[in-house]
Amino acid sequence: MGGVQNQLSIFNIFRRKKTTTLVRQPVNFEQKLLDRDAIKVVQTIVKAGYEAYLVGGCVRDLLLGHRPKDFDIATNAKPEQVNKLFKRSRLIGRRFRLVHVMFSARKYLEVATFRSGQVKTAKSGVIVRDNCYGNIEEDVVRRDFRINALYYDINTHEVIDYISGLKDIDSGQIHIIGDPLVRFEEDPVRMIRAVRFQTKLDFHLSDEIKSAIHQQAPLLANISPARLYEECIKLFHNEYGFQVYERLEKYDLLKHLFRQTRKNDFIKIALNNTSNRIKRNKPVTPAFLFAVFLWQAQTERYQLIKKKQKSVYLSMSQASEEVIINQIKQVSLPRWLTARIKDTWMMQNRLERMQPKKVHDLLSNKGFRMAYDFLVLRSQSINPELKSVAEFWTKAQSEHHPESTHQSSKKNRKK
């Protein structure tokens, strides 16, 4: 029943069956892979008399010899108690209270209190309130996948494993904790996280997870579009974006994020291009990928509107607005991002016309570089007839103020 407090069934099963044995595996991680600030936060909390551990994906990645992007911390201290220990910290969250310990404008470390087996759910089964605290044994089974339910004790240099996470890492498997149908109902985002981890780690999803994803995929409609935007960035802004795309399609998840999108060579080349830029530490923008994902839908809508509307500009503008509005019903897009998407689309026609009198104005346009990159990838995939157009604009850049154009392009790609 919506809004009532439920005792998590997997926690009861865990206690009753005692199917796992606590393992404390000694591990000395390379110091260069550890985050000094994370170590300091853990030490500060422990010094104050509480338990505190590195937890989750950072422990998993350290065990695999990877440098973690994020270091999360779990403790038995309440959020308010943690907040008092750090001058530069803030309490966040409603569904589950967390503490962000700030180190700079861009860097913070997330500290979470151990969760208990009690949650509040909506009628759909989605967890809406999770501010019931517990101990480490309860916290373990509240996590999603066994590979993410590992804790690292920095004092004893041991990985703490209650639920066979170490075994899964050794075997390259991904198992969910508890019944996949129930866990995906609680938080449908776990389905796309499963696909991302599978691709990132080159692991295998359990048969139970695969089966449950096919059944529960429509539940992604229960997730707020704003949250799905952040998840989409994680899905595609990495070194394996196209593989993620293909797997989302395979498991029928993609249509619940991008129902207007169908796979084509443009998407493939754009995702691979983004991955290559990330490998070379070059800047990327989500606006570019969203523009690529929705281009085919925009083009088809434009063709229909153009039959009734003589103006190319007005037809393009209306088609762009309609496609973007339909997309944000699924995945919310910030205004700055939708503006850049629309500008990139609107500039395609202007670039294709190659009007000599307009060359300087277009090269000076702040959106030129992204529109040009977009055009080049189109010419290399779905629109080979545009190769001469792409070559025209490549040559134009070298002939018209190459230094200023280069600086402008760097700024535009960083947005």
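Buried means under 20% relative accessible area, exposed over 50%, and partly exposed in between, with a 1.4 Å probe and protein chains only. This is a predicted model: local features need pLDDT of at least 70, side-chain atom pairs count only at pLDDT 80 or more, and totals for chains, interfaces and linings use all residues. Residues are numbered from 1 along each chain as its sequence is written, and side-chain values use heavy atoms, without hydrogens or water.

**Whole protein**
- The protein has 19 helices and 13 strands; these are DSSP runs (helices H or I, at least four residues; strands E, at least two), numbered from the N terminus.
- Of its 415 residues, 51% count as buried.
- Accessible surface comes to about 20,700 Å², with 47% belonging to carbon and sulfur atoms; the areas come from the Shrake-Rupley method with a 1.4 Å probe.
- Among contacts (heavy atoms within 4.5 Å) with a separation of 6 or more, 67% join residues 24 or more positions apart.

**Helix α15**
- Helix α15 covers residues 335-353, 19 residues in total.
- The expected span is 1.5 Å times one less than the number of residues.
- α15 bends by about 25° at M347, the angle between axes fitted to the seven residues ending there and the seven starting there.
- M347 is also buried, and other buried residues of α15 include L337, R340, W345 and L351.
- M354 follows α15, with a positive phi near 50°.

**Cysteines**
- The structure holds zero disulfides (pairs of cysteine sulfur atoms within 2.5 Å).
- C58 counts as buried because its relative accessibility is 2%.
- C232 is buried at 2% relative accessibility.
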